Amino acid sequence: MRHILRTQEAFVRFAQEALFAERWARAPHFLQSLDVRIKLAGLAAVLVTISLIHGLFGLGAMAAAALGLALVSGLGARGLRHPLWWAGPGFAILISLPAIFNLFSPGKAALILLPHPFFAVTYPGLEIAGRLVLRVTASVWWAGAVLLSSRWERVLAALRSMRIPALFVFALAMAYRYLFLFVRLSEKGLYARRSRALLPASAATERGLIGVKVASLFRRSFALATKVHEAMISRGFTGEYRTLEGFRLRARDVGWGVVILLFCAGIWLLDRSGGLG
Amino acid sequence: MTPIFELSEVSYSYPEGQGALEGVSFSVSPGESIVILGANACGKSTLLHLMDGLIFPTSGSIRAFGERLEAGRMETPALAGEFRRRVGLVFQEAEAQLFCPTVKDEIAFGPLQLGLSQAEAAKRVEEMIALSDLSGLEDRPAYTLSGGEKKKVALASVLALEPEVLLLDEPTGDLDPRSQTWLVELLAGLRAAEKTLITATHDLSIVEEIADRVLVMGEDHRLWAEGDPHTILSNLDLLLEVNLIHEHTHAHGEIRHRHPHGHGLSHGHEDSGDR
C-alpha cells in the first residue's frame, strides 16, 4: 500500500518540477538572453535536422550540443535534474528495449543470452534501439534547453508573432493552465488523503481510492479551468498574447540563428556523406 | 441619468438544470456602491458573472450602459473590449484569477489585452503594486503567495484596467484583519472617486462602511429585500430568515441568553436574558 502512496507523491513531485520551472527562464545566462522567436525557429530547424539524421554519431552530437547549451545557460546540476532531461530518454529506452533482441531484430549476435532456444542481443537491434533513444534524447534535450530558458508567456507571444494560429496558441495556453491546476489539486488531494488516513488501507482499497481521486480531480480541475478561462475573458482576453516586453531582434539573436543553421546543415551534410560513421 | 445596469426578471439555471437565480430585478446608478448580501450558494457569484457578461440569463434581460447584454454582443471583439474596459470583476477564488507566471505579468495582463502600450501597462503595474502594498512580490509566481496576498494581486489586476464599475465577489475572504481594513479603505477611496461598486458578500461587518444600498438575496435564489444599510442590518428577522445570522445561546453564570449572532453584528445583554 505504501508504494501506491509513494507513487502518487512521486507523480505530484514530478509534475511540479516539470511545470514550475520559471526560475531558470529568469536566470541571466546565454540562452535566456536570446530572442524567444529565434530560439523557437532554431529549435524547429534542429528538430527537422534530427529527424533527417541516421547516424548514431550525428544524433549523439546533437544531444551533446543540447547538453552543452544547457550547461552554459545555467541549467546544470539542479537544472539537469528536471524531469524533462531524463523522462523522455528513459521512456525511449523502455520502449526500445525489445528491439535489441534477435526476436525482433535478427542479425549478428552481440551478446548471446541463451544458446537453446537461441536468444541474443544483436548488433542491428542495438543500432535500431540506439538510434531511437538518441533521436528522442537529442530532440527532448534541445526542446528542454529552449523551453526551460524561456518564459512561458514569451513563448506564447512568440508563437503568435510567428503567425501560429491563435486557436492553437490558445489551446496550448489552456492545456498548460489545466495541467497547472491539475497538479495543485493533486497535491492538495494527496495531503487531504494523508491527513485522514487513520489506518493503513489494503492495496485494493488504495487502488480504488486512486480511481475515485482521478475522477474527482478531473471534475474539479475542469471546473477550475473553466473559471480561469472566465477570468481571462473578463480581463479582455481574445486569444492574442501580449507581454510587457516587446520583441527586439539584436545582432546576437541573428548571430545565434546563423550559427544554428550552419550547425544543422553541417551535421546533416556530414551524416549524409558518412563522415559521422 | 441612464442606469449602469438594469436587470429585469433575470433567472439563470446551470446546464445540469440546477437553478441559481429566480426573477431578480434591480438597477444600479452610476457612482453607486451596492452590496449584495446573501448566504452561501444563494446565487451571488452567478449574479456577478451575469453582470460581467460571462454567462447570460436563461430568462429575463440585463442592460449595461443602456445596451442589452447578450452573447452575440459579447462575441463582437470591439463591443466586448469596450465593455471589458468599463467593467472589472474580482473573482471569489483568487486562484482562478491568477494565471500568469508572476505578479507583474498578472497585473499587466488586462491593460495589455485591452490594447495599452507596454509603457502604459508597465506604469499601471507600478501604480497598482504601490497601491496594493505588493512591493517586493512583483517577480514572485502567484502560487507562492499567501491567500491574502493572492487576493490583493487579484484586486490589483482588475484595478489596473481602471474600470468604471467594479464587481467584487466575496472580497474579504482570505483577508487578515489588517488587509481587510486596507480593503475597506481602498473601497471607500474608490467610492469617493465615484466608481460604481457592486460587492457580493455575506460579511456583515463591512456593509455599513462600503454600501449606499443593500440588496438581500434568499436561499431560494430570489431578491428578498432592498434598502439602506442601516435599515437592512436592523432587520434581524430578515437576516435570520436568509441565513446571514443565526440564533446563538450562551450562558452568563445562571443566566442564559439567546440572541441573533453573525459577522460584525454586535449585541447587548441588558434585557435579553431568560432563565
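**View 1. The open sheet of chain B.** Six strands line up in the order E6-E7-E8-E3-E9-E10 in chain B, making an open sheet with mixed pairing. The edge strands, each pairing on one side only, are E6 (87-90) and E10 (223-227) of chain B. From one strand to the next, the twist averages 15°. A quick word on terms: helices (H or I, at least four residues) and strands (E, at least two) are DSSP runs, numbered from the N terminus, and two strands pair if DSSP finds at least two bridges between them. This is a predicted model, where local features need pLDDT of at least 70, side-chain atom pairs count only at pLDDT 80 or more, and totals for chains, interfaces and linings use all residues. Residues are numbered from 1 along each chain as its sequence is written, while chains are lettered from A and ligands numbered from 1 in the order in which they are written.

View 2. Strand E9 (residues 213-217) of chain B pairs with E10(B) in the antiparallel sense, over four bridges. Look for B:Leu215, which stands opposite B:Glu226 in E10(B). Helix H7 (residues 147-159) of chain B packs on the sheet, where it touches E6 and strand E7 (165-169) of chain B. The direction of H7(B) makes about 175° with that of E6(B); axes are lines fitted to C-alpha atoms, for helices over the stretch in contact, and angles run from 0 to 180 degrees between N-to-C directions.

**View 3. A hairpin in chain B.** Strands E1 (residues 5-13) and E2 (residues 19-28) of chain B run antiparallel and are joined by six bridges. B:Phe5 has B:Val28 in E2(B) as its bridge partner. Five residues sit between the two strands of this hairpin, and B:Gly17 in the turn has a positive phi of about 95°.

**View 4. Where chain B touches chain A.** The contact takes 29 residues from chain B and 22 residues from chain A; residues are in contact if their C-beta atoms, placed from the backbone, lie within 7 Å. On the chain B side, H5(B) gives the largest share, seven residues.

**View 5. A:Glu230 up close.** A:Glu230 lies in helix H9 (residues 203-234) of chain A. Leaving aside neighbours within four places in sequence, A:Glu230 is in contact with B:His49 and B:Leu54. A:Glu230 counts as partly exposed because 19 other C-beta atoms lie within 10 Å (20 or more would be buried, 12 or fewer exposed, with C-beta atoms placed from the backbone).

Methods: Two residues are in contact if their C-beta atoms, placed from the backbone, lie within 7 Å.
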